[in-house]
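Good morning, colleagues. Please take a moment to look at the sequence and the structure before I go through the sheet, the helix packed on it and the nonpolar core.

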Amino acid sequence: MKVKAVPREELPESMNYKQALQWFNIGSYNTLYDFIAEGLPVTVIGNVKRISKTNAQKFWDEHTK
């Protein structure tokens, strides 16, 4: 899947999964699901799922060696 590059600062604080793919610069929902399985927090309200940029950055920092 090809995702259009968007500068991180232009993405909203509360990102949907497609925007999270852009934030992480990955092209696969499966990889995003792996991140979620590894502990990336997701806020779920009804059928709406969002990932905050703050939590994405914290997750990224915790997994950087």
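Let me begin with pairing: two strands pair if DSSP finds at least two bridges between them. Strands (E, at least two residues) and helices (H or I, at least four residues) are DSSP runs, numbered from the N terminus. What we have is a predicted model, in which local features need pLDDT of at least 70 and side-chain atom pairs count only at pLDDT 80 or more, while totals for chains, interfaces and linings use all residues. Residues are numbered from 1 along each chain as its sequence is written, and side-chain values use heavy atoms, with hydrogens and water left out.

In the strand pairing, Ile 45 stands opposite Val 48 in β3. Strands β2 and β3 pair in the antiparallel sense over three bridges. The open sheet has three strands in the order β1-β3-β2, with antiparallel pairing. Because β1 and β2 (43-45) stand at the edges with a single partner strand each, one side of each has no neighbour in the sheet. Helix α3 packs on this sheet and touches β1 and β3; its direction makes about 55° with that of β3. Here axes are lines fitted to C-alpha atoms, for helices over the stretch in contact, and angles run from 0 to 180 degrees between N-to-C directions. Contact means heavy atoms within 4.5 Å.

Which residues of helix α3 are buried? In α3 (residues 53-62), they are Lys 53, Ala 56 and Phe 59. They cover an arc of only 125° around the axis, which puts them on the same side of α3; the arc is that of the directions from the helix axis to the C-beta atoms. Buried means under 20% relative accessible area, exposed over 50%, and partly exposed in between, with a 1.4 Å probe and protein chains only. The face of α3 turned away from the buried side carries the exposed residues Thr 54 and Glu 62.

Ser 52 lies in strand β3 and counts as buried because its relative accessibility is 19%.

Finally, the core. A nonpolar core is a set of buried Ala, Val, Leu, Ile, Met, Phe, Trp, Tyr and Cys residues joined through side-chain atoms within 4.5 Å. The largest one has 14 residues, of which Met 15, Phe 24, Leu 32, Leu 40 and Ile 51 touch the most other members. Helices α1, α2 and α3 are the elements that give two or more residues to this core, and the largest share, five residues, comes from α1.
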